[in-house]
Amino acid sequence: MANIIMFGILAVVVVCAALYCICTKYIMRAATSLLFVLFGVAGLYFLLDYTFLGAVQLSIYAGAITMIYIFAIQLVGKRNLQGLTEQFKGSRVASGLVMALVGVVTVVGILLKNSFFYGAELLGDREVSMDQIGTALVGAGKYQYVLPFEFISVFLLACIIGGLLIARDHKEEEK
């Protein structure tokens with residue numbers, strides 16, 4: 001019973017913070033509410049006894065990614081953010097809905113094609129060990145993910161260097 005109550009509280013926090021994140025006009029408030037969404041998702045992982053995923057969620061997403069967002073927001077500067085309002089245009093909303101529908105159809109098609117829903121029956125009651133998850137994350141073989149992680153780290157390094165160059169250009173313009 002306590003798990004259901006805790007799930008309800010976390011679900012309300014995640015949904016409300018996500019809605020506030022997309023509805024607010026202030027970018028720092030949006031980043032803060034995104035942080036609450038990520039904390040809530042980590043709480044859901046801990047509630048499901050996925051402590052590894054919960055810790056990863058807290059350390060990587062809630063910590064690092066949110067700091068990158070705030071770093072990028074600070075690079076933009078107050079002068080560029082003042083008076084920045086966006087009008088809803090019907091064509092943009094329609095194209096966004098079409099793209100969302102395309103994404104949903106793609107995901108459902110991939111799930112049905114790969115028998116994702118029936119794959120759990122093949123595993124039965126067998127659990128995947130943390131050893132197997134760790135090997136898959138840092139292995140270089142087929143269906144292992146060290147190469148995508150390396151590409152992402154190089155991409156993030158390029159983004160940080162680009163952000164620093166943009167910040168330097170803004171400081172030179174102000175002088």
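The structure is a predicted model, in which local features need pLDDT of at least 70 and side-chain atom pairs count only at pLDDT 80 or more, while totals for chains, interfaces and linings use all residues. Residues are numbered from 1 along each chain as its sequence is written, and side-chain values use heavy atoms, with hydrogens and water left out.

Secondary structure was assigned from DSSP runs numbered from the N terminus (helices: H or I, at least four residues; strands: E, at least two). The protein has eight helices and zero strands, and its pattern along the sequence is α-α-α-α-α-α-α-α. Of its 175 residues, 13% count as buried, where buried means under 20% relative accessible area, exposed over 50%, and partly exposed in between (1.4 Å probe, protein chains only). Contact is defined as heavy atoms within 4.5 Å. Among contacts between residues at least 6 apart in sequence, 44% join residues at least 24 apart.

Helix α1 has 22 residues and reaches 32 Å from its first C-alpha to its last, close to the 32 Å expected at 1.5 Å a residue; the expected span is 1.5 Å times one less than the number of residues. The buried residues of α1 are L10, V14, A17 and C21. These residues cover an arc of only 75 degrees around the axis, which puts them on the same side of α1; the arc is that of the directions from the helix axis to the C-beta atoms. The buried residues of α1 pack against α2, whereas I4, V12 and C23 are exposed on the other side of α1. I9, also in helix α1, has a relative accessible area of 46% and is therefore partly exposed.

The loop between α1 and α2 contains T24. T24 counts as buried because its relative accessibility is 18%. Not counting residues up to four places away in sequence, T24 touches R29 and A30.

Helix α2 comprises residues 27-47; its 21 residues should span 30 Å at 1.5 Å a residue, and the end C-alpha atoms are 30 Å apart, which agrees. The buried residues of α2 include A30, A31, S33, V37 and L38, as well as G40, A42, G43 and L44. After α2 comes D49, which has a positive phi, near 65 degrees.

F52 lies in helix α3 (residues 51-76) and, with 37% relative accessibility, counts as partly exposed. Leaving aside neighbours within four places in sequence, F52 contacts M130, I133 and L137.

A nonpolar surface patch is formed by M1, I4, I5, M6, I9, V13, F36, F39, F46 and L58, with about 980 Å² of accessible area together. The elements that give two or more residues to this patch are α1 (2-23) and α2, and the largest share, five residues, comes from α1. Patches are made of residues with over 30% relative accessible area and no salt bridge, like charges being joined within 9 Å and nonpolar side chains (Val, Leu, Ile, Met, Phe, Trp, Tyr) within 5 Å. A salt bridge is a side-chain nitrogen of Lys or Arg within 4 Å of a carboxyl oxygen of Asp or Glu.

Technical notes:
Accessible areas come from the Shrake-Rupley method with a 1.4 Å probe; for residues, only the protein chains shown count as cover.
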